[in-house]
Structures are given as structure tokens and as C-alpha cells.
Amino acid sequence: MLRSLSRLYGSCSAPLPSPCDCQAAVAALTRRLPRQSSAPTYSTATSGRRKFYQDVSITQGEGGVYEINLDRRKLKTPGGKLFTVPNEALAVAVATEWDLQKDTLKFYTMHLTTLCNTALDNPTQRNKEQLITAALKFLETDTICYRVEEPQRLVELQRNEWDPVLDWIEKRYNVEISSSSSLLGPNIPQETKDTFRQHLASYNFWALTGLEFVIAQLKSVVLSFGLIDRHLTVEKAVLLSRLEEEYQIQHWGSVEWAHDYDMFELSARTAAGTLFVHLSSESSTIKRKLLQD
């Protein structure tokens with residue numbers, strides 16, 4: 001995938017962050033998606049349009065930001081702002097999305113571009129503190145904190161698959177998180193919320209935009225932290241977020257195409273959001289050798 005970028009920008013000098021494998025996952029998965037993403041909050045277009053450019057390039061603008069050029073025309077956001085990203089690594093990743101487009105632009109596969117547009121236009125006019133609050137709301141209804149009481153096989157499956165992740169995050173952040181089968185949900189101590197709030201505050205606005213997106217996909221703060229901290233892979237995090245659904249599918253079966261589509265779409269969005277978080281925090285440039293195959 002990155003081979004095509006060697007002609008876009010050939011003077012890079014420092015490495016991509018290690019989560020670059022997410023970029024390959026994004027491209028591989030989104031190429032297989034047959035229709036529009038179901039996440040309108042972050043959507044930039046409702047349908048495709050014919051490709052209107054041949055070449056994609058990146059340039060460094062004023063203030064050290066990077067711009068995306070389509071046939072030497074500067075890309076703009078849906079809100080009319082100049083499309084700029086804070087570092088070269090993210091610029092190359094976004095340029096890859098545009099360079100991979102064929103005859104018709106499939107905006108619903110361009111998750112990195114969409115997240116950049118969201119950060120730039122900020123359509124909901126939220127500040128950093130509001131993003132953190134929105135993300136933490138998912139903690140009270142976290143997917144892996146809600147447990148069933150029956151059937152016993154599912155009870156055991158949730159315990160065997162979810163408990164190790166809860167144990168990890170409690171040790172990693174020195175917090176307490178309980179699970180519950182009550183409709184009222186688990187009781188999350190205020191100290192835990194305060195610790196997570198402090199941790200989220202360490203991210204910049206762009207990274208928080210991506211992290212909230214990942215949390216919304218997985219419906220889980222715990223799984224999202226595990227993914228961003230590289231304790232979980234994208235594949236594992238997605239499977240854990242769909243554990244009960246996967247159990248029901250194994251028991252009752254599924255619609256052949258629908259299940260695969262849902263998995264590919266969720267995996268693509270989650271991989272893109274994870275990559276966006278890491279690249280939004282990346283300040284170095286990219287080594288040329290990583291752009292060659």
C-alpha cells in the first residue's frame with residue numbers, strides 16, 4: 001500500500017510510529033466494504049463522486065502544518081477550511097487514502113480524512129474538556145462491565161475473555177473497575193473516573209477526537225485503552241466488543257453477508273481511529289525506506 005506513496009513524498013527522514021500496521025488494516029478492510037458507513041456523526045459525505053484528480057502530494061505550510069494537494073489544488077474541509085494536519089506522518093497516511101481511491105471516491109472508506117475534518121471543523125463546537133467528559137460517559141455503560149446471568153456457557157465466556165482485560169487495566173492504571181449483571185450497571189468509583197480523566201487530559205485535541213471515536217465504536221473505555229496501549233490488537237478488541245453477539249451467532253447462525261460486513265466495517269473504523277490517535281501524537285517525519293513496499 002505504501003509503495004504508491006514513494007512518488008508522493010520522497011524526502012522523508014524518520015520512522016512511522018509502530019502502529020502503522022493499523023494503516024494497512026484500514027486499507028485492506030475498507031477496500032472490502034460495499035456500502036456507506038453507519039456512523040453519521042463522523043461522516044463527510046453520503047455518496048461517492050467521480051474522481052477528479054490524478055496526483056496526490058503533501059507540502060509543509062506555514063506554522064509547520066502539512067497540507068494535502070490534489071493535482072496541486074489544496075484540499076479543503078467540508079466547512080471550507082484549508083485541510084491541514086499537525087505532522088508529516090498523519091499527512092502521508094491521509095494522502096494514502098486519497099491515492100488509493102479509484103474511479104469513484106468512496107468517502108465512507110476514508111476514515112482518517114473524516115477524523116481530520118472533524119478535528120478541523122469541530123462541527124459540535126466542543127472543547128477538550130467536553131471531549132473527555134463524552135468519552136468517560138461510556139465507562140458507566142462499558143461493554144465488558146455488563147454481564148449476563150444465563151446461559152451458563154455465555155457467563156463463563158464473558159468471565160474467561162473479559163476478566164483478564166479488567167485485571168490488566170486495574171493494574172495498569174491502579175484503579176478499581178467492577179462488573180455487574182444488574183440493569184443499573186457496575187459501580188465505578190469516583191477515584192477511577194478521576195484517574196482516567198487525568199490520563200485523557202494528557203492527549204491533545206486531535207488525539208482525543210480519535211480516541212472518542214474508537215470508544216464509540218467499541219462501546220468500551222476499557223477495550224479502547226487496551227487497544228491504544230497496544231495490550232490488545234484491533235482484531236481482538238473488536239471480537240471482545242462483540243462477544244455476546246458472536247456467541248448468539250454461533251448458537252443461532254447469521255445472515256451470511258451481513259455478519260462479515262459488520263465485522264469488516266467495525267474493524268476498519270476501529271483500526272483507523274487507533275492509527276489516528278497515534279499519528280496525531282507523532283511529531284517526527286517518516287523514513288523513506290518505509291515508503292517502499
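These legends describe close-up views of a predicted model.

**Overview of the protein chain.** The chain contains 11 helices and six strands (DSSP runs, H or I of at least four residues for helices and E of at least two for strands, numbered from the N terminus). Of its 293 residues, 52% are buried (under 20% relative accessible area, 1.4 Å probe, protein chains only). Local features need pLDDT of at least 70 and side-chain atom pairs count only at pLDDT 80 or more, while totals for chains, interfaces and linings use all residues. Residues are numbered from 1 along each chain as its sequence is written, and side-chain values use heavy atoms, leaving out hydrogens and water.

**Helix α4 against helix α7.** The axes of α4 (residues 128-136) and α7 (residues 205-218) come within 10 Å and cross at roughly 20° (lines fitted to C-alpha atoms over the stretch in contact, with angles from 0 to 180 degrees between N-to-C directions). The two helices are therefore roughly parallel (angles under 35 degrees).

**Residues between α4 and α7.** From α4, K128, L131, I132, A134 and A135 meet F205, L208, T209, E212 and I215 of α7 (contact means heavy atoms within 4.5 Å). This contact comprises seven nonpolar, one polar and two charged residues (Ala, Val, Leu, Ile, Met, Phe, Trp, Tyr, Cys and Pro count as nonpolar, Asp, Glu, Lys and Arg as charged, the others, Gly among them, as polar).

**Surroundings of S224.** S224 lies in helix α8 (residues 221-228) and is buried, at a relative accessible area of 0%. Not counting residues up to four places away in sequence, S224 touches L211, V214, I215 and L218. S224 and V234, 10 residues apart in sequence, are 9.5 Å apart in space, C-alpha to C-alpha.

Key: Angles under 35 degrees count as roughly parallel, over 145 as roughly antiparallel, 65 to 115 as roughly perpendicular and the rest as oblique. Buried means under 20% relative accessible area, exposed over 50%, partly exposed in between (1.4 Å probe, protein chains only).
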